[in-house]
Every structure is written in C-alpha cells, then in structure tokens.
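Thanks for coming, everyone. Please have the sequence and the model open while I talk.

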Amino acid sequence: MSNDVMTRENTVKIEIQDKTIEIRTGRLAKGANGACEVACGDTVILVTCCASSEPKEGIDYFPLLVDFEERIYSVGRIPGGFNRREGKASDKAILTSRLIDRPIRPLFDYNYRHDVQINALTLSCDQDNQPDVLAILGASLAIELAGLPFKGPIGAVRVGRVDGQFIANPTFSQAEKSDMDMVVAGTSNSIMMVEAGMTMISESVVLEGIEFAHEIIKQQVKAQVDLCQKLGIKKQTNPVTAENADLVNLIKELATKPLKDSMHNVKEKHVRQAFLDEAYNNVMAHLEGLAEDNPLKAISSKEVKYYLEELEAKLMREQVLTTGIRADGRRCDEIRPITVDTSILPRVHGTGLFTRGTTQVLSCLTLGINIDAQRLDTIDPVKEKRYMHHYNFPGFSVGEVKPSRGPGRREIGHGALAERALIPVLPDAKDFPYVIRIVSEVLESNGSTSMASTCGSTLALCDAGVPITDMVAGIAMGLIFEDDKFAILSDIQGLEDFLGDMDFKVTGTSQGITALQMDIKIEGISVNVMKYALDQAKRGRLYILDKMKSHIDKPRAELSSFAPRLISITIDTNDIGTVIGPGGKMIRKIIEETGTSIDISDDGTVLIASVDKLGGESARDWILRLVKRIQVGEVYAGKVTRIIPMGCFVEVLPGKEGMVHISQLENRRVEKVEDVVSLGQRVIVKVKEIDDRQRVNLTMKGVSEDEKLQFD
C-alpha cells in the first residue's frame, strides 16, 4: 500500500444478521505493506501483510508465514507463569494461524517466491465475538491492500445452528447451544476451506450450511473489492518462468515408462519409490553424458525433480480420469484393506491399533482425574480441557531420519481434528468424571493418518471402557479436477494427497457427521462437487465402521485393572479447609497413607482416584469422618487427648473433640480424673449436649452395654 493510501482512514461496515463487522484502514500499522482493523462488538483484530521486495532464491515453494498472536491484555488479564508475558503460542493460536493460511495459500501462484507474512494481533477481545473468522477476513484485505498477486479477495464466516436455524458468526454463548461449529472461507465463486465440528449432522444440512455461508462470503468479498477500487489499489503481476521445453521433452522420453509403471497396481511405497528412482536416474545419467557445451548440461537436480513431479502428476491424473483406476489398482471409491486390534499394551488403560493399507496408527488412552485436566491461559472463555488428543508423526513412519523437536503446526492441527471428531460421543463429566488423554502414534504413513488416528482412538475408547454413545470413523477424500471432468477419490494415499487438488476429511458415526475439514489446492470448488464428495465419503465411512465393529462394537464393561477407580463424594464447602488442613497437612497425610490421588473442587466435589479399591474406600471413609457432624445422642469410640481437673477431652471424630465432665465419668463420685482414664485411652462416649457456643459435652455414664458392643 502506498503511503498516501496508508494515511487515509476509511471505514467499511458489513451487516451480517444482527451483527456488524467494521473494517478500518489507514489508522494503525502504517509501515506495513497492507494493514486493517477488523472489529465486531468489542473484539478488535489488527491484521498486517508484509512482502519482500525480491524473490527468495533456492526454494521450490511459496514462502508464506501466518501468525495469529493472542495478547492477554485484550481480555484485561495479566498472563500466568513466572515471566508474566505471552510466550509460546497456544494450540488455539496455532490452529487459528492454520485457519488463516489454508484458504489464502492456494490463491497465490505456486511459483511465487516472495516472502509474505501475515500477522493477526488481538488488540481487544470481548470473549463473546470470536476472533478467528475476523482474522481471516482481515488477512484477505491486508493482502489486497498490499497489492500482491493474490487471486482473492476471500471472505470467511462461522456457521452455527440453534433450533434448526443457521446463525452467522455466533457468539461464544450462542455456540454453546449450537449443534454445529463450521468455519467456511471462499471467493465469490467457490469454496476454499471448511473446518467444522458438529453433533451427528446429516450431509444435506452441512451443504445447506455451506450455501448459507457462501452468500455472506460474497457480501464480504464485494465490500473488499469496492474499498480497493475506491483506494485505487493496483495488483502486482507474478512473472511466469518459461518452461524448459527441451528438458520437458527429454523427461517425457526417458521417464514416462517407469512413472507409468509406478502407477500400475503398485501398493507398496518402497516398490513405487524404486520406479521413481529409476525415472530420476535415467534422466540424470543422460544429462551427465551430454557434451559440456550442451545447455541441458547445466540443469540442476532440483529442476529435474520439479519437471518429473509435473509429469508424474499429469500421468496420475490422466489415468484416473480416463480409466477410473488409481495408482495402486483401486477404483475411485475403493478403500484399502483394513485391520484393527485392541488391548495390545498391557499397562495402558486402552489401546487401538488401526491399519489401512500402508498407513498405521496406534492410539493409547490414559484416564486421569480433575487435577490432570489441561489448564488454558488464552483469550477464549474456556479455561480447561478434560479431553486431550495428541498426534505424533515421527520420521520413521515415512522411513526418514528426522529429529524429534516437539509437535509442529501440522501435528497440532491433526490432533485437534481427531479431538473434535470424538467430542460429540464422549460421556458427560457428571456421568464419567475422568479426564481423558489419547496419544496417536503414527507408525507408518501413506496418507490419511489423521483419519486413522480418529479410528484408532475410537477403538482405544471402547477398549478402555469409556461409555461413548457411538463409534466414530474417519475417511480422507481427494479430488482430481481437469476442465469439466472430475473424480472423487476415497481414502487417498500419499501420492494422491500430494498431487491431487483436494484434501477432504470427514468423520462421523452411522448417524451423521461429527467433524469435517476441507482444503483446496486449486481456486476453489462448487457446492455441487462437495455434494458428490460428501455422499461418497458417507459410504466409505460406513464401510470402515463395519470393519471396526467386527472387532469391537461397544465399550468394554470394565475399566482396565490399571486405570484409577474414581470415588466421588460431596462435602459442605465450609469443610474443604478441614479436609485440606493447615498448609495441606491433612490431605497430604490421607494421600500418603491410602496411596490415592484426591482432587477437591470449589463446589465441594471430592474425587478420589486409586487403582487399589481398598485404598480408595479408606480415603473416602477418612474424609467422611473428617466432615461428619457430631450429633446429640450418638455414641462414639474416641481417644482421650487431654486431662484437666474438671474432666477430660475426647477426640470423637478426626479433629473434633468434646469434654467429659468429672461427674460424667462413672456412676459414682470420682475424686480424681486420672483414677478413671489415662491420656491416649480409648473410651466409649455419648454426646450429651451441644451448647450455644458449639461446645460438645460428652458422658460415659449414659452408654448402654448394647451400644458399647458395636465398638468391640
């Protein structure tokens, strides 16, 4: 954006149902190439775009970087932790960054090599109007204002559904009542991205929601176009590198046969790789034999690989569109062979091993208590997670040497999708008060690992005895689109994901969809194509569910013997301090002596977890004794704790004592208290009265022989 444009303030308002989105330019971040503020309610996002003036050398990808940054001051709080400042991006921030990136990246030419950075900063957040879709909208406009060669603009809207009615950009409170949470992004002509979680919704309702969203997207796109025309924004053009015709022809001649062989009913990755290596070696050997003055002699291996990939994609796509047969010999709607297993690890609370073709995922489940829940320090109103799904993708899964440096954005995104897929079938915390963590380990990868994680995790939940309401399966769909022809591919493998036009993941039960994620590598698809994909995905999902149910069709009746048993009791909130004790002394003593874990909520709910049944019951009884109220007329076996001339004090319940007056020790006159009782002696007493100062007066005279027998 020129300085002249940057200094002119402009405001655009977009009315969406009962909400107003206000876009302002020219006020903040004037040094960026493009910048705008997007606000709805009291949520305000600043989005900037910067691009390098020169292309980046030596790379074969579009270097786009998107960062969504949460600022805790935006919700009027100081960050937790020792440093009291924002640190590593939260999972939600990373997922929002991915949400912005996914519809934008395909609308830049593949060979655009300028560094581009989008930064979305939360300046204010009312914890009601959700900021992620505002950030997508702002990113689109910031790119347009920067004048980059972007085939946008795009719009984005979140769709909820309450009582059968669609709601655009629902607030957090509205979202809690909604059976659908779907973010849709696209251009005025097509859909670019869908990210959704829902409670067993039908395919037809999903399509209605997407169509509803697209009408609002068109409105957002028009507002951006009108503003850019008003500001006189001129888009740059991306220089197109001329194709090396001699190299292309040489590669066709030397590599076509091995590349075609790699797609002729080849199911194993290593077999296919051998054909790809043959194609590459054929070309490189020919180039090495050329004379030094031949222009092709200077061709780099990177350029050879680029054109080989182009030819491979062309051959694969032609084969699918003309014959309907895929590289591994499958029909377009055919699923790879599936095997499932459970209970394969003895000490893990629940395991599920899901293998589909040459993709294999092991999901391991652990049950915990309230204290194990994940605490969240973000700008969202949600402060705790009781169900966590973590996804790991080690290098050995694809036969590569790769250091383990913690989860990247891809791992976090795949884990979040599988997590979202299973949330609708999980039991309510009141009925099943466990914290659940599932870790999906990708052991072998050839496409669709996130969907294999979903399937493996369903198996692990059933194996652990978690009372889920239904089983969930997932399937990844692909698309080959050329001119007016297209083919929808079920259960895509790595080749089809890499060289295809769409990655469309759908999870659900036999009753409906629970999660959906669509990413497009071309300039969007129509709702009609999405309908074909959803229908074919449903058939595949039901087939996979049948395979899973043939092994285990419902949760096991009993938890693993190594899983903690939970005992839940409720105490008066005034007694919480009694159970905890000074400095936590009492609760630590209970935990150490019973071998349990204990969590006490502010509402008085006490959760006791123990693998040992007797230990859990002992801790429960201990706590109940601590909080038990002393009642007039009740008989207790207590211990003498103090002796004074007037009588003795007896502890009748943990931490609670009363006094036996010297006149109440025996049915005779007692001259000296020590003649009847001694310090530490066990005695049977009855509560005579509790005075108005809550002092407990006990008697040893009024205890019958029958009452004494119950303590023998």
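**The eight-stranded sheet**

Start with an open sheet of eight strands, paired antiparallel, in the order β8-β7-β9-β10-β21-β20-β18-β19. Its edge strands are β8 (165-168) and β19 (485-490), and each of them pairs on one side only. On average, neighbouring strands of this sheet are turned by 20° against each other, direction ignored.

Some ground rules. This is a predicted model, where local features need pLDDT of at least 70 and side-chain atom pairs count only at pLDDT 80 or more, while totals for chains, interfaces and linings use all residues. Residues are numbered from 1 along each chain as its sequence is written, and side-chain values use heavy atoms, with hydrogens and water left out.

Now the terms. Helices (H or I, at least four residues) and strands (E, at least two) are DSSP runs, numbered from the N terminus. Two strands pair if DSSP finds at least two bridges between them. As a reminder, strands of a sheet pair through backbone hydrogen bonds, either parallel or antiparallel.

Strand β18 (residues 473-482) runs antiparallel to strand β20 (residues 502-508), and seven bridges join them. Within this pairing, A476 faces K505 in β20.

**Helices across the sheet**

Which strands does helix α5 lie across? Helix α5 (residues 203-231) lies across β7 (155-162), β8, β9 (180-186), β10 (191-201) and β21 (513-520). Its direction is at about 140° to β7. Axes here are lines fitted to C-alpha atoms, for helices over the stretch in contact, and angles run from 0 to 180 degrees between N-to-C directions. Contact means heavy atoms within 4.5 Å.

Helix α10 (residues 449-464) lies across β18 and β20, at about 160° to β18. M451 sits in helix α10. Is M451 buried or exposed? M451 counts as buried, because its relative accessibility is 0%. Buried means under 20% relative accessible area, exposed means over 50%, and partly exposed is in between (1.4 Å probe, protein chains only).

What does M451 touch, leaving aside neighbours within four places in sequence? Its contacts are R356, L417, G474, I475, A476, K505, V506 and T507. M451 and K505 are 54 residues apart along the chain, yet their C-alpha atoms are separated by 7.3 Å.

**The cores**

A nonpolar core is a set of buried Ala, Val, Leu, Ile, Met, Phe, Trp, Tyr and Cys residues joined through side-chain atoms within 4.5 Å. The largest one has 163 residues, and V194, I436 and F504 have the most contacts inside it. Helix α5 gives the most to this core, with twelve residues. Look at F504. Leaving aside neighbours within four places in sequence, F504 contacts I475, A476, M477, L516, Q517, M518, M530, A533 and L534. There is also a second, separate core of 20 residues, with Y636, V650, I662 and L698 among them.

**Aromatic pairs**

Rings of Phe, Tyr and Trp (its six-membered ring) pair if their centres lie within 6.5 Å; planes under 30 degrees apart count as stacked, over 60 as edge-to-face and the rest as tilted. By this rule there are eleven aromatic pairs. Y110 and Y306 are stacked, at 6.5 Å centre to centre and 15° between the planes. Y110 lies in the loop between α2 (91-104) and β6 (116-124) and Y306 in helix α8 (residues 301-323), so this pair ties together parts 196 residues apart in sequence. Y110 is partly exposed at 46% relative accessible area, and Y306 is partly exposed at 31%.

Y306 and Y307 are edge-to-face, because their ring centres are 5.2 Å apart and their planes are at 75°. Y307 counts as buried, at 11% relative accessibility. Elsewhere, ring pairs link F62, F108, Y112 and F150 into a cluster.

**Strand β25 and its partners**

Last stop. Strand β25 (residues 635-644) runs antiparallel to strand β28 (residues 682-690), with five bridges joining them. Here A637 is opposite I684 in β28. Five bridges also join β25 to strand β26 (residues 647-653), again antiparallel. There R642 is opposite F649 in β26. How many residues does the hairpin from β25 to β26 pass through? The hairpin joins them through two residues.
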